[in-house]
Amino acid sequence: MSIADRSAAVRWGIALLPLVALAALLLVIIRLDPAGKLRGDVPPVERLVFERVTLDEGGITARVLNDGPDAVTVAQVMVDDAYWTFTQEPAGELAHLDAATLRIPYPWVEGEAHAVRLVSRNGITFDHSIDVAVETPKPGGRLLGIFALIGLYVGVLPVAIGLLWYPLMKRLGRRGLDFVLALTVGLLVFLFVDALHEGSEAAEAVPGSFQGAVLLVFAAIAAYLAIDGFGAWLRRRRAGESGGAAGAGSRAVVALLIAIGIGLHNFGEGLAIGAAFALGELAFGTLLMLGFTLHNTTEGLAIVAPLANERVALPRLLLLGAIAGLPTIAGAWLGGFLYSPLWAVVFLGVGAGAIAQVVVQITQSMARERGLGELLRSAPVAWGLLAGVVVMYATGTLVG
Amino acid sequence: MSESPATTLSRRLLLRLAGIGSLGAAAFAASRAGGAAPGYGEHKGGPHADGKADRHAGHLAGAVGRVTSLDPDPSVYLRSFNFSHLPAAERARFYRETPIADGKLLREYEIYAVDREIEIAPGVFFPAWTYNGQVPGPTLRATEGDRVRVRFLNQGSHPHTIHFHGWHPPAMDGSMPEHQVEPGGEFVYEFDAEPFGLHLYHCHAVPLKRHIHKGLYGVFIVDPPGGRPPADELVMMMNAFDTNFDADNEVYAVNTVAHHHLHAPVDVKVGELVRIYVVNVTEFDLVNSFHLHGMFFDVFRTGTRLETSENTDTLMLCQGERAILETRFRYPGRFMFHAHQSEFAELGWMGFFAAREA
């Protein structure tokens, strides 16, 4: 064995030693159960969470997860203060993070509220309220179509309309373009804050074991890094193709990244929309519809703003619009059929990270010739930023 | 507690959806029209074509499964007086009767308080405080004028007492701070059994609510001299349990076990006089009630008069109130009985009589 080999072996040994010790300690904890001795006679900590509750002609189906440290047995099920027949699949005790499906043949009443309560072996109760009982949509062609229609109105069409500003971009002077780009940054910052806000609310509904808040931030950071890496790769490839410096080409990359960022954000939004639709949380109002359309049209503007000096063919423009808008439909599908707060947290986090990355991209490209400080002090930029936030805020108030 | 996903969506988003709703609603309504609409009365009995159980058929109401661990079983408690359910040798440990003057009896009891987990609905266990390991406690029964001597031992983890309803001097009341029997301690209650009627006993240590709803109560019957007419006699204690300790009951019953008599109907004979001793100790709810299907019964409130005061099919009692009911089953078959508070009935206080030709 050479000296190099020997030192490598020593390094491995040193690296693995703590892991071996850790494994031994874990074995001791499991075998000797010091926790049980420390615990004494304290009653078990029982915590069940409802992951998803659906209604159909067979009654109520609830998927529950044991989010607590101790095993829980569902002994009885009450609906609206009445013990009711139920079956559990799989049957038996639920260990930490075990899930089971409870089928309760309860004659629920459309449009009314119901309360589901599980009673554990120890008499602890876990409640879920069905605020408005409507039959849970079943996956199928017709419903896919309805969700596609929703996505079209919410995501695709407003974004496409926003893209119509592209010709204007080419006719704007420097100051005008600065204003529009800053406006875009303002819009995106608003969306970023909005996504984090929605995400943190969804995180509260995530079972504690899954640490929703951490997941949100982690998803955001991961998305930021992924988009950043993807952008760098795209620019390298383009530089390689044209043989020239990054310059004009990087504007097209920024537009693509913005489209991706907005697309991810819209996916998270579609997820929540599909879920709420499936849960029957519906009311009606033309004003609200108008507000929503206005609100999302600005997303199209954000995509075309960096393309002022680019020559972009119509198919390419439509592709960018599709990247930004179509994920709303996919999100609505997923949310409508398989909603869980966990997915909402992940995708809202991903959306926030992607948008943050895009904000940085645009700001960097704008600040390339001037410093960031000088950039922010210039009137068109400052007014543009403010206008962006104000536009989003104002259209946001229209939708509540 | 988990919230519905809907509550995680912000108001702003929901309002946004309001807009979308106007687009999708028509299509959604169309999608629903084809499916089976929910609601009572729209299903015929029997399983669906797809083999799923019909959610209207087959469910009478009631907890799932059967209670297996109770001793005595509620059906045994129903007809047990002065420990009559125990074998003679064992019974003598808890109950002895000795003749005294004028044909009267000295009745000596041994009652102990003990903490015990009891199964109050199938699979649901309650950390009860009990008299003699059972909820309700054993039914004590004497004749008016008998001497009653109860040796009370507290083997529980908290101070307890026995407070009897009936005539007795203050020192025997088991209600004052100085009356509390500490864990490990004992006390002898002694008094003459009067007046005749249907009474109860319960712990009067503080906090009172907790000591009662945890299970420390039982029935105390004082027969009139010469007794009542022969009958099939049943004891029904209307009780309830707050399993999650939120001052609201999760389980209601007669004699502790939710829906026990749905599975094990009370057997009675057609034409025979049936006498039911009904006592209400339900905590947290203002009143409880007893309703019998297809029948009427004579009511003897508190049992202190031999003349009936009322003939009805529904009787309301507040906590601590009790009444003796007498009736004869006219037809064979199953007769439902339950609290006429529907909520209590569906949370366990419901059962059947099964009347058979004699």
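The model is predicted, so local features need pLDDT of at least 70 and side-chain atom pairs count only at pLDDT 80 or more, while totals for chains, interfaces and linings use all residues. Residues are numbered from 1 along each chain as its sequence is written, and chains are lettered from A and ligands numbered from 1 in the order in which they are written.

**Chain A as a whole**

- Chain A has 13 helices and eight strands, where helices (H or I, at least four residues) and strands (E, at least two) are DSSP runs numbered from the N terminus.
- The C-alpha trace of chain A spans about 75 × 75 × 40 Å along its principal axes.
- Of the 400 residues of chain A, 46% count as buried; a residue is buried if 20 or more other C-beta atoms lie within 10 Å of its own, exposed if 12 or fewer, and partly exposed in between, with C-beta atoms placed from the backbone.
- Among contacts in chain A between residues at least 6 apart in sequence, 81% join residues at least 24 apart, a contact being two residues whose C-beta atoms, placed from the backbone, lie within 7 Å.

**Helix packing in chain A**

- Two packed helices are described by the angle between their axes and the distance between the axes. Axes are lines fitted to C-alpha atoms, for helices over the stretch in contact, and angles run from 0 to 180 degrees between N-to-C directions.
- Helix α5 (residues 174-205) of chain A and helix α11 (residues 341-366) of chain A have axes that come within 8 Å and cross at roughly 160°, and α5(A) and α11(A) are therefore roughly antiparallel to each other. Angles under 35 degrees count as roughly parallel, over 145 as roughly antiparallel, 65 to 115 as roughly perpendicular and the rest as oblique.
- The crossing in which α5(A) passes α11(A) is left-handed; a crossing is left-handed if the near helix is turned anticlockwise from the far one by less than a right angle, and right-handed if clockwise.
- The residues of the contact of α5(A) with α11(A) comprise 22 nonpolar, five polar and one charged. Here Ala, Val, Leu, Ile, Met, Phe, Trp, Tyr, Cys and Pro count as nonpolar, Asp, Glu, Lys and Arg as charged, and the others, Gly among them, as polar.
- Helix α3 (residues 141-163) of chain A packs with helix α10 (residues 327-338) of chain A at an angle of about 135°, their axes being 8 Å apart, and that makes α3(A) oblique to α10(A).
- The crossing of α3(A) past α10(A) is right-handed. The residues of α3(A) that take part include L143(A), F147(A) and V154(A), and those of α10(A) include I329(A) and W333(A); the residues of this contact divide into eleven nonpolar, four polar and no charged.

**Strands and sheets**

- In chain A, an open sheet of four strands has the order β1-β2-β6-β5, with antiparallel pairing; two strands pair if DSSP finds at least two bridges between them.
- β1 (48-56) and β5 (87-89) of chain A stand at the edges, each with a single partner strand, so one side of each is left without a neighbour in the sheet. Neighbouring strands of this sheet are turned by 20° against each other on average, direction ignored.
- Strand β2 (residues 59-66) of chain A is joined by six bridges to strand β6 (residues 99-104) of chain A, and the two run antiparallel; A62(A) stands opposite L102(A) in β6(A).
- In chain B, strand β10 (residues 232-241) is mostly covered, with seven of its ten residues buried.
- β10(B) pairs with strand β13 (residues 273-280) of chain B in the parallel sense over seven bridges, and V235(B) has Y277(B) in β13(B) as its bridge partner.
- β10(B) is also joined by four bridges to strand β11 (residues 251-254) of chain B, with the two running antiparallel, and the bridge partner of N239(B) in β11(B) is A253(B).

- The peptide bond from E89(A) to P90(A) is cis, with omega near -5°, and P90(A) is found in the loop between β5 and β6 of chain A.
- A cis peptide bond also runs from E194(B) to P195(B), with omega near 0°, and P195(B) lies in the loop between β7 (186-192) and β8 (197-202) of chain B.
- N82(B), a residue other than glycine, has a positive phi near 50°; N82(B) is partly exposed, with 19 other C-beta atoms within 10 Å.
- T256(B) has a positive phi of about 85° although it is not a glycine; T256(B) lies in the loop between β11 and α6 (260-263) of chain B and is buried, with 26 other C-beta atoms within 10 Å.
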